[in-house]
Amino acid sequence: TGNGTTEPFGIDTGITVAVDTFDAATPTYHELVDAVHQAEPASRMNAASSFSDGHAGQIEKLVDDNGHPLLNPAAEGISTGPHNVRLLGQPVIVDNA
């Protein structure tokens with residue numbers, strides 16, 4: 001959250017949220033979908049989701065309406081692990097900074 005002059009801008013500088021996205025500490029599947037669709041479609045193509053490790057752990061427990069985990073390996077069965085996960089099709093970056 002720097003000022004851009006003597007410190008770099010923070011990761012969330014310039015981000016505006018159209019609506020209050022999450023009603024609770026852990027968002028629901030539907031709230032996450034709504035949050036993704038607040039961005040312009042052209043911006044979503046190269047977007048990534050960024051969470052603290054604690055929030056990533058909460059989201060890792062979420063499932064969609066069919067019981068499938070929301071946070072899953074990008075290429076299930078081929079390359080699994082914490083550095084190759086996606087949320088609703090977007091890469092996930094875990095950053096506690």
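Predicted model: local features only at pLDDT ≥ 70, side-chain atom pairs only at ≥ 80, totals over all residues.
A residue counts as buried when its relative accessible area is under 20%, as exposed when that area is over 50%, and as partly exposed in between.

## The overall plan

Let's step back to the whole chain. The protein has 97 residues, of which 20% count as buried. Its fold contains 3 helices and 4 strands, and along the sequence these follow the pattern α-α-β-α-β-β-β. The accessible surface comes to about 7,000 Å², and carbon and sulfur atoms hold 53% of that surface.

## Helix H1 and its buried face

Helix H1 covers residues 29-36, and Glu31, Leu32 and Val36 are its buried residues. Why do the buried residues of H1 line one face of the helix? Seen down the axis, they fall within an arc of 140 degrees, so they share one face. As background, an α-helix has 3.6 residues a turn, so residues three or four places apart point the same way. What do the buried residues of H1 pack against? Their partners are helix H2 (41-44), helix H3 (53-60), and the strands E3 and E4.

## Strands and their pairing

With strand E1 (residues 49-51), E4 pairs in the parallel sense over 3 bridges. Within this part of the structure, serine 50 stands opposite isoleucine 93 in E4. With E3, E4 pairs in the antiparallel sense over 2 bridges. Here leucine 87 has glutamine 90 in E4 as its bridge partner.

That brings us back to glutamine 90, which lies in strand E4. Leaving aside residues up to four places away in sequence, glutamine 90 touches Val36, Arg44, Ala47, Ala48, Ser49 and Val85. One of these, Val36, is also among the buried residues of helix H1.

The hairpin of E3 and E4 has 2 residues between the strands. For context, most residues other than glycine have a negative phi. Leucine 88 has a relative accessible area of 32%, so this residue is partly exposed.

## The nonpolar core

How many residues make up the largest nonpolar core? It has 10: Leu32, Phe51, Ala56, Ile59, Leu62, Leu70, Leu71, Val85, Leu87 and Val92. Helix H3 and strand E3 each supply at least two residues of this core. Leu32, listed in the core, is also one of the buried residues of H1.

## Pairs that are separated in sequence

| Residue pair | Separation along the chain | C-alpha separation |
|---|---|---|
| Histidine 55 and threonine 26 | 29 residues | 7.6 Å |
| Threonine 28 and isoleucine 59 | 31 residues | 8.6 Å |
| Lysine 61 and threonine 26 | 35 residues | 9.7 Å |

Where do some of these residues sit? Histidine 55 has its place in helix H3, and with a relative accessible area of 40% it is partly exposed. Threonine 28 belongs to the segment before H1, and at 39% relative accessibility this threonine also counts as partly exposed. Lysine 61 lies in the loop between H3 and strand E2 (71-73). Is lysine 61 buried or exposed? Its relative accessible area is 71%, so lysine 61 is exposed.

Conventions: Residues numbered from 1 in each chain as written. Heavy atoms only, no water. Buried < 20%, exposed > 50% of the residue type's maximum accessible area, 1.4 Å probe, protein only. Contact = heavy atoms within 4.5 Å. Areas by Shrake-Rupley, 256 points an atom, 1.4 Å probe, with all protein chains shown as cover. Arc of directions from axis to C-beta. Pairing = 2+ DSSP bridges. Core = buried A, V, L, I, M, F, W, Y, C linked by side-chain atoms within 4.5 Å.
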